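Thanks for making time, everyone.

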Amino acid sequence: MLAGSTAVAARLRASRRRIYAVMLGTAAVVALVDHVTKWIVASNVPIDTRIWPGAFVSIDHVENSGAAFSLFPQLHWFYLAVALIVSLYIVFSGYRYGTTWYRQVLIGMILGGALSNGVDRLVQGSVVDFIDVHFWPVFNVADSCIVIAIVVLLVLSFIPSSHSPTSSRSSAQS
């Protein structure tokens with residue numbers, strides 16, 4: 001065994017535990033907030049009822065058995081399988097992408113949204129959507145977390161990291 005290799009291995013395990021703690025903690029918060037807000041709407045607003053219709057954002061209780069924008073409701077099991085595959089991929093490989101705390105949070109947002117909507121599809125056969133901005137289809141907290149996280153991760157992928165080999169070469173040439 002190489003000198004110091006146990007210390008390096010211990011540091012990697014601790015780092016991986018921290019990454020998973022942030023990702024899974026974020027996922028739990030997203031799922032909790034999503035389910036609480038869906039429960040509040042489902043308990044207090046009848047289906048197809050709109051609250052504050054003239055406001056910029058209104059509450060519109062919709063049961064969505066399809067995918068985004070209520071597309072293809074007959075593919076219910078396919079959407080459930082996609083949520084499961086995405087969730088498993090994040091759980092088993094997410095630590096590779098969550099090298100910073102904000103990436104860990106963003107990946108946790110995707111995981112929490114996928115799990116939350118997946119559980120709804122499995123248990124209820126549909127998802128409660130309720131946030132209506134009038135120029136976009138009605139959505140929920142899980143949907144917004146997934147979309148926001150993917151957009152931010154895409155934007156971050158175009159920003160050079162200070163730790164990448166290409167950015168250190170370009171700064172050395174200056």
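Let me get one term out of the way: buried means under 20% relative accessible area, exposed means over 50%, and partly exposed is in between, using a 1.4 Å probe and protein chains only. Leu-88, for instance, is partly exposed, because its relative accessible area is 41%.

A quick word on where this comes from. It's a predicted model, where local features need pLDDT of at least 70 and side-chain atom pairs count only at pLDDT 80 or more, while totals for chains, interfaces and linings use all residues. Residues are numbered from 1 along each chain as its sequence is written, and side-chain values use heavy atoms, with hydrogens and water left out.

Back to Leu-88, which sits in helix 2. Helices here are DSSP runs of H or I with at least four residues, strands are runs of E with at least two, and both are numbered from the N terminus. Leu-88 belongs to a nonpolar surface patch together with Leu-24, Leu-84, Val-91 and Phe-92, and the accessible area of the group is about 470 Å². Those areas come from the Shrake-Rupley method with a 1.4 Å probe, and for residues only the protein chains shown count as cover. To be in a patch, a residue needs over 30% relative accessible area and no salt bridge; like charges are joined within 9 Å, and nonpolar side chains (Val, Leu, Ile, Met, Phe, Trp, Tyr) within 5 Å. Helix 2, residues 76–97, gives the patch its largest share, four residues.

Now, the inside. Nonpolar side chains in soluble globular proteins tend to be buried together. What we call a nonpolar core is a set of buried Ala, Val, Leu, Ile, Met, Phe, Trp, Tyr and Cys residues joined through side-chain atoms within 4.5 Å. The largest one has 25 residues, and Val-41, Leu-106, Met-109 and Phe-130 have the most contacts inside it. At least two residues each come from helix 1 (5–44), helix 2, helix 3 (101–124), strand 3 and helix 4 (141–157). Helix 1 supplies the largest share, six residues. And what does Val-41 touch, leaving aside its neighbours within four places in sequence? Its contacts, meaning heavy atoms within 4.5 Å, are Ile-59, His-61, Val-128 and Phe-130.

Strand 2, residues 58–64, is joined to strand 3 by five bridges, and one pairs Asn-64 with Val-127.

Last topic: salt bridges, meaning a side-chain nitrogen of Lys or Arg within 4 Å of a carboxyl oxygen of Asp or Glu. How many are there in the whole structure? The search finds four. Arg-50 makes one with Asp-60, at 3.1 Å between the closest N and O atoms, and another with Asp-132, at 2.9 Å. Arg-50 is in strand 1 and Asp-132 in strand 3, so that pair ties together parts 82 residues apart in sequence. Arg-50 is partly exposed at 41%, whereas Asp-60 is buried at 9% and Asp-132 is buried at 4%.

Then there's Asp-34 with Lys-38, 2.6 Å between the closest N and O atoms. Both are in helix 1, four residues apart, about one turn. Asp-34 counts as buried because its relative accessibility is 0%, and Lys-38 is buried too, at 4%.

Definitions and conventions: Two strands pair if DSSP finds at least two bridges between them.
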